[in-house]
Amino acid sequence: MRYQRVTVFSLLLACSLAAAGKDKKKILLPDDVLEASTVLVVVDPDAGMAVDAPNVNRTAQEDVEKAVMDWGRFHLAMDASTADLVISIRRGNGKIAQSTVGGVPMNNGPLILGRTESGGQAGGRAGNPSQADGPTDSQAQDAHPQLEVGPADDMFAVYRGKRRDPLDSPAVWQYVARGALRSPGVPAVDAFRKLIAEAEKQKAARP
């Protein structure tokens, strides 16, 4: 189950970051990630719909997309096949296990923002609902109650795109923290922005 892999990966990531403090030559991000220009933001396909907060993950998805657009570095892609990177998100509720409804499509096309006559921004989604690692389908196929086990905190994971089942490959970078997807600000996007900036400085300093 992906959440079990996420937990193990989080421990490995913590160890890697600790080691990075001692090893100044460690590459923070690979060059292909630094050269990426398109990104797809999806809700973790394993995340169920919380009965008490059914829209919490979709709202987080929109908040992350808006933060990415405000950043200005990436363009939002329509699906994983055209995205250089895929960002998978999941809101935590402080509990490792919770009852949710599984089998409900959680992803839609990317949020498109446009200017209104008053100068504000209006948003809407384009395209059909899209799964990063599964078939596109706008209808629930097998809605069912489930016991969902995963990180208690918000999760933000970056994967390489333009491949089949990108979320089944190891994450390039992951950020798990309480309030990581909270809007406004979205600390996870800010942390990723700072990491890229530091990685670019590191790349420029290479011999």
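The dialogue below walks through a sheet, its helices, its salt bridges and its aromatic rings.

User: What kind of model is this, and how are residues numbered?

Analyst: This is a predicted model, where local features need pLDDT of at least 70, side-chain atom pairs count only at pLDDT 80 or more, and totals for chains, interfaces and linings use all residues. Residues are numbered from 1 along each chain as its sequence is written, and side-chain values use heavy atoms, with hydrogens and water left out.

User: How do I read a sheet? In what order do the five strands stand?

Analyst: Strands of a sheet pair through backbone hydrogen bonds, either parallel or antiparallel. Helices (H or I, at least four residues) and strands (E, at least two) are DSSP runs, numbered from the N terminus. Two strands pair if DSSP finds at least two bridges between them. Here the order is β3-β1-β4-β9-β10, in an open sheet with mixed pairing. β3 (75-76) and β10 (173-177) are the edge strands, and each pairs on one side only.

User: Which strands pair with β9, and in which sense?

Analyst: Strand β9 covers residues 154-160 and pairs with β10 in the antiparallel sense, over five bridges.

User: Is β9 mostly covered or mostly open?

Analyst: Buried means under 20% relative accessible area, exposed over 50%, and partly exposed in between (1.4 Å probe, protein chains only). β9 is mostly covered, with six of its seven residues buried.

User: Which strands does helix α4 touch?

Analyst: Contact means heavy atoms within 4.5 Å. Axes are lines fitted to C-alpha atoms, for helices over the stretch in contact, and angles run from 0 to 180 degrees between N-to-C directions. Helix α4 (residues 187-204) packs on the sheet and touches β4, β9 and β10. The direction of α4 makes about 140 degrees with that of β10.

User: How many salt bridges are there?

Analyst: A salt bridge is a side-chain nitrogen of Lys or Arg within 4 Å of a carboxyl oxygen of Asp or Glu. By this rule there are eight salt bridges.

User: Where do Lys-203 and Glu-35 sit in the chain?

Analyst: Take the bridge itself to begin with. Lys-203 and Glu-35 form a salt bridge, with the closest N and O atoms 3.8 Å apart. Lys-203 is in helix α4, while Glu-35 is in the loop between α2 (31-34) and β1, so this pair links distant parts of the chain, 168 residues apart. Lys-203 is partly exposed, at 31% relative accessibility. Glu-35 is exposed, at 55%.

User: Is Asp-154 buried or exposed?

Analyst: Asp-154 is buried, at 3% relative accessibility. Asp-154 forms a salt bridge with Arg-91, and the closest N and O atoms are 3.3 Å apart. Asp-154 lies in strand β9 and Arg-91 in the loop between β4 and β5 (97-102), 63 residues apart. Arg-91 is partly exposed, at 29%.

User: What separates Lys-194 and Asp-190 in helix α4?

Analyst: Lys-194 and Asp-190 are four residues apart in helix α4, which means about one helical turn lies between them. Their side chains meet in a salt bridge (3.3 Å, N to O). Asp-190 is partly exposed, at 26% relative accessibility. Salt bridges with shared partners join Asp-190, Arg-193 and Lys-194 into one network.

User: How do I read a pair of rings? How many aromatic pairs are there?

Analyst: A pair of aromatic rings is described by the distance of the centres and the angle of the planes. Rings of Phe, Tyr and Trp (its six-membered ring) pair if their centres lie within 6.5 Å; planes under 30 degrees apart count as stacked, over 60 as edge-to-face and the rest as tilted. The count is seven aromatic pairs. Trp-71 and Phe-74 form an edge-to-face pair, 5.2 Å centre to centre, with 90 degrees between the planes. Phe-74 is buried, at 6% relative accessibility.

User: Which strands do Phe-156 and Trp-173 lie in?

Analyst: Phe-156 and Trp-173 form an edge-to-face pair too: 6.1 Å centre to centre, 75 degrees between the planes. Phe-156 lies in strand β9 and Trp-173 in strand β10, so the pair ties together parts 17 residues apart in sequence. Phe-156 is buried, with a relative accessible area of 1%. Trp-173 is buried, with 10%. Ring pairs link Trp-71, Phe-74, Phe-156, Trp-173, Tyr-175 and Phe-192 into a cluster.
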